[in-house]
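This report covers helix packing, salt bridges and a surface patch. The sequence and structure come first.

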Amino acid sequence: RNAFVVVLTPSSRREMSMGASPSERRTRNALAIAARARRRRRRNIAIAFVLFIAFELKTFYPGDQTLRNASESWGRLMFSRSGFSFGKTYEKRFSEHKVQLDASDSSIAVTKKEFTVQGRIPDKPEWTRDVTLDELVAADKGKKCFFYVEVAEPVLVLYDDGDELRHNLENGMMDLDIEQMRCTYYNGVNKPRTGQSMEDSAWRLVPDPISGGKVVLMSTATTLGMLSAYHRPLLNHQAYAAHHGYGSILSLVSKDKLKGRSGKFAKHIALGVQVNKRAYDMACHVDLDAWFASWDSLSTYSKHWPESKNLFFGDTGQVWLNSGLMCARSNDWSSKFFERVINAAYGEGVGKDSKLVKFGFKRDQPAVWHILLSDWAESDAVPYHGPRCSMWSECNPDSNPIECWHWCFWDALQRIPGWQGLHDLNKLPNVYLDSQHNKPQMHRMCLRSCHSVLNRGKMALCSAITRMKLCFPKDVDKMSLCDGRGCLQQLTSGGGAWLKHTGHQHWRDVLPSCIPINAAESKREKYSNFALCRKH
């Protein structure tokens, strides 16, 4: 049987249409018009979709809050450099290559000095014997230790149990050695009048009944050189404490006092010593790269702190607890907690001297989480596995411990029945987290990118092609790509904050000059975030 194929050319179609009836031609024309309209609609929808995506990428500034919101959404999406997971439903781990979430060190040009307050993190903190808070308290017993900061010049004045020492914060020469000092914990005083001793220059302590009694604010460093950028924060902390009648302590924790631990644990040693002494009813540690932007009293926030809870944090919007502001009640539980944090071991093994040692955590955050979740696991509140976690190897990093939090801590917490997010820590014993939705927020950090996803994509593409540092802005944090000015703008938006905290990597430009050092300046800064900044 033969088959015939008829091929219609454009001319044959026209000839056929000419022989068609008027109604058929109208139908065909209508169908052709409808087809063209559908094509236009599809094209317009595609253009609108592309423009919408471009707009979203241009106006979306990712950051820690993005991660927090995703982890607390209905899908419980948590992601880190080593993989992602949807709550208890699904997880995917990258076996070989981690995703790069920040710019590489080689991409950011650094032309100005960086600052830090904990020094270089040791490769393997180790010790053969645990320390007790009682022995640390005894080592400083009976010593007279005071400090104040000159306003007109960047000079720290210390009374070191009999010797008055003056240290120029901005002088590159290290005229004093912290290892040779007699004292560790220096009590803040007013600048003495002529003929007045430092001991007689202390301001009057005023109990804060809402906060539970006498309050002390503390900051810590492990070398004097680390204080070089923090003249105004030191003034800020001391002036705020004096205004409210709170105690003020500057802790200079020497290498000898750390006893093999990472400098990141200096704050926990200092806090532990103070709660163990019981000289104050409540002790708060504030990092030196944080400052009081509001002169409101601590009780504005501590009034929500239940008496049954021993630790108090401000919710920064991150996925974890941030110890840049950490308050504790002076009682037996707190003393034991800080002693356990100080002695928290990442593992055990043979040390440098061929002795059996404990290897400590390089960073303090995983140690704090480990102690808290270990307690909650004992009461069956949290299915936490500690060193048996499959990603425990990620819990002792040199930098951001996000993988550790993701797989070992967040994963355990989100398995608690009814878990809705980090604020549900308030349902567990001993920890109270102040809401991030308070206005002003209690503790706020510079967490959002200063550049949109679209701009960051352009920079990354430029860097990948050219391998040049000109693609990224210079002297910025490699995660947020923010300089000090961009960070200040973030911290002032949305109602500002009581305590603003930037991270030491932002202290390379105008930021150090923008910190208020009295109540009047805090009001000026509130209405104009660059009002106090030095002009460049």
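## Helix packing

A crossing is called left-handed if the near helix is turned anticlockwise from the far one by less than a right angle, and right-handed if clockwise. The crossing of α10 and α11 is left-handed. Helices here are DSSP runs (H or I, at least four residues), numbered from the N terminus.

The axes of α10 (residues 364–378) and α11 (residues 402–413) come within 11 Å and cross at roughly 25 degrees. α10 is therefore roughly parallel to α11, a label for angles under 35 degrees. Axes are lines fitted to C-alpha atoms over the stretch in contact, and angles run from 0 to 180 degrees between N-to-C directions.

## Basis of the model

This is a predicted model, in which local features need pLDDT of at least 70 and side-chain atom pairs count only at pLDDT 80 or more, while totals for chains, interfaces and linings use all residues. Residues are numbered from 1 along each chain as its sequence is written, and side-chain values use heavy atoms, with hydrogens and water left out.

## Salt bridges

The whole structure holds 20 salt bridges (a side-chain nitrogen of Lys or Arg within 4 Å of a carboxyl oxygen of Asp or Glu). In one of them, Glu521 pairs with Arg232, with the closest N and O atoms 2.9 Å apart. Glu521 belongs to helix α14 (residues 519–527) and Arg232 to helix α5 (residues 231–244), so this pair ties together parts that are 289 residues apart in sequence. Glu521 is buried, at 17% relative accessible area; buried means under 20%, exposed over 50%, and partly exposed in between (1.4 Å probe, protein chains only).

Arg415 and Asp411 form another salt bridge, with a closest N and O separation of 3.0 Å. Asp411 is buried at 12%, whereas Arg415 is partly exposed at 32%. Glu135 and Arg129 also meet through their side chains, at 3.1 Å from N to O. Glu135 is partly exposed at 27%, and Arg129 is partly exposed at 49%. Salt bridges also link Glu150, Glu153, Arg166 and Lys191 in a network.

## Nonpolar surface patch

Phe49, Val50, Phe52, Ile53 and Leu57 make a nonpolar surface patch of about 460 Å². Patch residues have over 30% relative accessible area and no salt bridge, and nonpolar side chains (Val, Leu, Ile, Met, Phe, Trp, Tyr) are joined within 5 Å, like charges within 9 Å. Areas come from the Shrake-Rupley method with a 1.4 Å probe, and for residues only the protein chains shown count as cover.

Val50 is part of helix α2 (residues 22–59). Val50 has a relative accessible area of 52% and is exposed.

Key. Helices (H or I, at least four residues) and strands (E, at least two) are DSSP runs, numbered from the N terminus. Angles under 35 degrees count as roughly parallel, over 145 as roughly antiparallel, 65 to 115 as roughly perpendicular and the rest as oblique.
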